[in-house]
Amino acid sequence: MTALALGGFGIGTTEFATMGLLPQIAETFKIPDYEAGHAISLYAAGVVVGAPLIAVLGAKLPRKGMLIGLMLAVALGNGLSAAAQDKTLLLVARFVAGLPHGAFFGIAAVVAATLVAPERRGTAVARVMVGLTVANLVGVPLATAAGQQIGWRTAYFAVAVIAVITAGAIAAWVPRVPTVEGASMKGEVRAFRRPTVWFAIFTGMIGFGGMFAVYSYVAPLTTEVAGLPASVVPWMLAVFGLGMTLGATFGGRFVDRSPMGSVFGGLVAVCVILVLFGLTASIPAFMFVFLFLLGFVIQILAAALQIRLMDASPDAPSLASSSNHSSLNVANGAGAWLGGLAIAAGWGYTSTAWVGVGLSLAGLAIAAASVVYERRALTREITNQPMAMASAASTAVDTHPR
């Protein structure tokens, strides 16, 4: 678990550090903050493309070997990011850096779930995600502070080093886990025929965008809205990371009891938090509080959606699990983009909170639709059973002449 969490730490740092470094990146390339935010969207696009593609192509490959290869790819993408000399090259590098993200977390979650009892899967998945949460608690604030003092390229270079170390740790510590019996590219793709899989994907894709609409612009929210100096931005990020860490530590228990209940509860809580955030963002103390709560809740929601997808596709767990991170990074890109549109329209940085509320409510509606669909499907199945039994009995009589 430690090696997997270390990989999550590196990936979490590179994913979220960009939010805190937007002003520095924008200054380097002489572009506005919301245009620098395209680096966030392109990273997310890499995750969206890479997660299902790698999961399908690697269906028959050993899980351990894939995890090592994925971490080396993380090192490559972040090394290119650190070396980028113009905006276009940075965007391409961020796309490359995002490609292994979802597949790593998806496969790591499957590996972790196989090492514990079935009723402890939620806790196991949450523990894998602890690396991601500690990244927000420690890695992202340190990367932001280093970026402000030394240069934003330092953050990406540090992640490349962490990724190489992680590849070695996985090789040394992670046990070999066999692939799912009968696993194949065709079998993995069949998972997408199930409506429950798509409901879960769209719930994360839309609902999670609410958090990213706000968090993508946490740096200007801190300085322009709350009126705090740039040196406070790392502390804002650390508070959000603390919330995520505690959510991962204790939230797995809620997910173990009821994955779908955790999805509904998480989305409702995000809506409430974002409303309060939008109303009080100019008050520094409230910004700290609501960022903490947002981090706590969002981590429970992420673990719940992970288990939901794995349950919906037990015969293709790698693709289903990886698709969760793909959907969450659609949310990442869409949230950053829609938040940027609101800012560019002149509605101010707090408008991102109201964009977030709308996205979270839409995710809640999709989750509710999934429950309605499942109940109707179950009702049809129960209704059809007596008819099938009667038909079988009739056939049996006809085949035994008197």
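How many of the 14 residues of H6 are buried? I counted 13 of its 14 as buried, so H6 is mostly covered. Buried means under 20% relative accessible area, exposed over 50%, and partly exposed in between (1.4 Å probe, protein chains only).

I noted the ground rules. This is a predicted model, where local features need pLDDT of at least 70 and side-chain atom pairs count only at pLDDT 80 or more, while totals for chains, interfaces and linings use all residues. Residues are numbered from 1 along each chain as its sequence is written, and side-chain values use heavy atoms, without hydrogens and water.

**Helix H6.** H6 covers residues 101–114. Helices are DSSP runs (H or I, at least four residues), numbered from the N terminus. From first C-alpha to last, H6 reaches 20 Å, close to the 20 Å expected at 1.5 Å a residue. The expected span is 1.5 Å times one less than the number of residues.

**Methionine 205.** I found methionine 205 in helix H11 (residues 195–207). It counts as buried because its relative accessibility is 18%.

**Leucine 279.** This residue sits in helix H15.

**Arginine 253.** Helix H14 (residues 233–257) holds arginine 253. Why does arginine 253 count as exposed? Its relative accessibility is 52%, so it counts as exposed.

Notes. Helices (H or I, at least four residues) and strands (E, at least two) are DSSP runs, numbered from the N terminus.
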